[in-house]
Amino acid sequence: MSLIVKSLHITLVVLLLSVVCGSFLVSAQSGYPAGEIRHWQMKWVTGPGDGGGKVPVREAEGWMDVEAKAEMLRKPPGVSAAWTKIVLPSFNYTSPSVYIQTIYALHVKVYVENRLIFEGDRGFIKDNYSLLVPLDIRDNGKTVYIWTQTLQDRIGIKEKVMLGEHSMLIKDYIKNGLIDVILGGAFIFVAAVLFVCAFFLNKEYFPVATSLSIVIASTGVLSVTYSPFTYTFYSYLGALSVFLFDVALLSLLPALTFLFENIFGGGKYGIIRKFRKFQVAYSSFCCVFLVINSLSGGRTLEFYYFISTNIVGIIMILQFILLIGCVIVFSLKRNKDAIIFACGFGTAALTGVLELVWYYLKRGNYDLFYWKWALVVFILSLIVILGRRLAQNHSQVVKYSQELELFNNELQRSEKMEIISELAASVAHEVRNPLQVTRGFLQLLSEKSVGDERRYLFMALSELDRAASIITDFLTFAKPEFEQISLLHVNDEFMHIQSILLPLCHLNGGKMILEIEEDLWVKGNSSKFKQAMINIIKNSIESLGEEGTIHLLAYSRGDKVHIHIKDNGAGMEPGVLSRLGEPYFSSNKTKGTGLGLMVTFRIIEAMEGEIRFMSKKGAGTESITILPRAEGPDGSNS
């Protein structure tokens with residue numbers, strides 16, 4: 001999973017570097033002296049016989065003045081061709097050329113006076129030309145005539161005509177649209193990397209990653225195939241480029257909605273899901289007519305242009321408005337993914353809607369430009385969302401692994417305890433009776449013995465009593481259920497425990513402080529409860545040094561009783577602390593058998609409570625026992 005996240009980071013870096021380098025390359029100034037031609041004239045071709053073969057040199061009527069960077073003249077209904085007349089100023093260039101950054105037409109012929117110097121004819125619907133026409137030094141002051149023909153609503157020169165040295169103008173000619181190709185190539189590379197990574201993801205994330213790769217790849221194809229660079233230098237691929245452009249656009253819209261649906265759901269009343277299904281159906285319908293139009297040689301071009309350009313543009317506007325509204329709703333719910341999506345998609349959608357509205361207001365006399373930069377922001381936001389989800393999924397997997405390890409350790413401990421419990425019960429029952437018989441006979445002998453013999457018999461009886469105590473611990477561990485359960489007044493229990501252990505505490509140079517709330521009651525067996533608490537307090541007494549203190553604190557919190565036993569003794573290291581309660585493990589290897597705390601844990605568990613220890617070497621140890629609180633004899637917990 002981490003490898004995939006790193007791959008996403010790499011693709012982000014590649015995309016950003018491509019954008020930065022491409023922008024630097026295209027924004028670099030040529031630094032050449034060139035003249036900008038700001039005035040020319042246009043004339044509509046109204047007769048059916050003008051195919052651009054005869055230059056209207058002598059015609060003086062019908063010409064209209066046009067200013068550079070002014071609004072383009074609207075093509076009258078029924079007109080499909082026009083002439084443009086440009087009077088060249090005086091120049092002294094060695095290799096003069098005319099550079100026209102954008103001219104709208106499908107068929108173009110360029111004349112100097114009556115001399116044809118350029119002709120281009122496109123058999124596909126892409127009317128954006130970029131022309132660099134070499135001139136002769138003898139063309140100084142002559143007139144250039146440009147015949148243009150189109151099937152679309154726009155025709156003629158847009159904004160810029162430059163006159164200058166050919167070696168200098170060719171730099172702008174090559175750079176026109178090059179950034180689109182660089183950006184599109186970066187998108188396609190990112191999509192390919194993401195698509196490969198999708199096969200290594202969980203099934204849950206595969207649809208999201210795949211749809212995201214389709215969105216990015218479609219955006220890259222749109223950027224490359226929309227660029228005038230492609231049609232200028234690879235015009236023989238024009239028909240293929242138009243085909244790929246339409247396929248990418250028809251794939252992008254449903255893939256984007258599908259991606260949104262996978263991230264945020266189907267929306268209220270399933271509106272996003274329903275809109276996505278409509279888009280899939282309509283895109284499939286358009287793809288069918290795309291194939292029919294390609295196979296028929298463009299016979300259904302006008303109908304296909306209507307359904308794939310005009311109607312699809314309206315669907316895009318509706319889609320952007322729908323998704324923006326949904327993103328706002330999710331963002332108000334403080335969904336972090338929605339906020340990131342809102343920043344990216346809001347930028348792209350707002351830019352796209354504004355450009356499409358402006359495109360229709362201009363009646364097609366506008367080239368969409370800013371959409372691809374807005375899509376950069378959007379795609380970056382999508383990659384960030386996917387990266388966040390993958391990182392969260394990875395963190396969740398790590399968390400589940402840790403919990404599974406804890407559960408596994410607990411299961412092993414439970415199984416070990418169960419085995420030891422059964423073994424302890426069996427051994428204790430078998431050994432206890434012979435010990436009692438042996439003790440009885442030894443006691444009889446001790447009554448009739450004198451001197452060293454009597455002393456030795458008393459030592460044997462003492463060891464037999466110790467063995468009986470150990471067996472009792474075994475039985476308590478093996479069967480911690482209580483034969484007699486009663487209400488225990490915590491304060492009374494601890495007063496009794498203090499009276500038993502206070503002499504031992506004083507012998508070890510310590511003191512005991514008791515702070516117990518009144519009216520604390522728990523349910524259990526008094527003997528077993530005292531045994532558990534005495535085991536803990538005895539361990540604290542044995543760890544005390546000079547002027548040691550044992551602090552006993554009990555209080556209620558909600559429906560629980562908290563009992564703290566804290567000392568300022570030697571403390572324990574983390575390794576020792578983690579093993580407390582294990583069978584036969586003792587922190588004091590010279591005195592303990594490892595059974596005391598083991599029994600204590602079992603007693604507290606049987607009382608439906610829990611116990612935990614905190615300790616630091618040289619700073620003492622604190623045990624915290626939490627037990628269910630019981631109602632007092634008067635039915636009140638107050």
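Is Tyr 173 buried or exposed? Keep that one in mind, as Exercise 2 comes back to it.

Before you start, note that this is a predicted model, where local features need pLDDT of at least 70, side-chain atom pairs count only at pLDDT 80 or more, and totals for chains, interfaces and linings use all residues. Residues are numbered from 1 along each chain as its sequence is written, and side-chain values use heavy atoms, with hydrogens and water left out.

**Exercise 1. Salt bridges**

Solution: 

Step 1. Start with the rule: a salt bridge needs a side-chain nitrogen of Lys or Arg within 4 Å of a carboxyl oxygen of Asp or Glu. Counted this way, there are eleven salt bridges.

Step 2. Go to Asp 136. Its side chain meets that of Arg 138 in a salt bridge, at 3.0 Å from N to O.

Step 3. Now check accessibility, where buried means under 20% relative accessible area, exposed means over 50%, and partly exposed is in between (1.4 Å probe, protein chains only). Asp 136 is partly exposed because its relative accessibility is 26%. Arg 138 comes out at 63%, so this residue counts as exposed.

Step 4. Move on to Asp 139, which forms a salt bridge with Lys 142; their closest N and O atoms are 3.9 Å apart. With a relative accessible area of 0%, Asp 139 is buried, while Lys 142 is partly exposed at 29%.

Step 5. Finish with Glu 610, whose side chain pairs with Arg 612 at 3.5 Å, N to O. Both ends get the label partly exposed: Arg 612 has a relative accessible area of 40%, and Glu 610 has 44%.

**Exercise 2. Aromatic rings**

Solution: 

Step 1. Rings of Phe, Tyr and Trp (its six-membered ring) pair if their centres lie within 6.5 Å; planes under 30 degrees apart are stacked, over 60 edge-to-face, and the rest tilted. Searching the whole structure gives 17 aromatic pairs.

Step 2. Take Tyr 173 and Phe 233: their centres are 5.2 Å apart with 55° between the planes, a tilted pair. Helices here are DSSP runs (H or I, at least four residues), as are strands (E, at least two), numbered from the N terminus. Tyr 173 sits in helix 2 (residues 166–175) and Phe 233 in helix 5 (residues 228–233), so this pair links distant parts of the chain, 60 residues apart.

Step 3. Back to the opening question: Tyr 173 is buried, at a relative accessible area of 16%. Phe 233 is partly exposed, at 31%.

Step 4. The rings of Tyr 282 and Phe 285 have centres 6.0 Å apart and planes at 45°, so this pair is tilted. Both residues lie in helix 7 (residues 271–295), three residues apart, about one turn of the helix. Tyr 282 counts as buried at 14%, and Phe 285 as partly exposed at 36%.

Step 5. Can you spot a group? Ring pairs link Tyr 99, Tyr 173, Phe 229, Phe 233, Tyr 234 and Tyr 236 into a cluster.

**Exercise 3. The second largest cavity**

Solution: 

Step 1. On a 1 Å grid over the protein atoms alone, a cavity is a set of points where a 1.4 Å probe fits but cannot get out, and lining residues have an atom within 4 Å of a point. The structure holds three cavities of 30 Å³ or more.

Step 2. Helix 6 (238–264), helix 7 and helix 8 (301–332) each supply at least two lining residues. Helix 7 gives the most, with four.

Step 3. Sort the lining by class (Ala, Val, Leu, Ile, Met, Phe, Trp, Tyr, Cys and Pro are nonpolar, Asp, Glu, Lys and Arg charged, and the others, Gly among them, polar). You get six nonpolar, two polar and no charged residues.

Note on methods:
On a 1 Å grid over the protein atoms alone, a cavity is a set of points where a 1.4 Å probe fits but cannot get out, and a pocket is an open set with protein on both sides within 12 Å along at least five of seven lines; lining residues have an atom within 4 Å of a point. Grid points are joined across faces, edges and corners, and a volume is the space filled by probe spheres set on the points.
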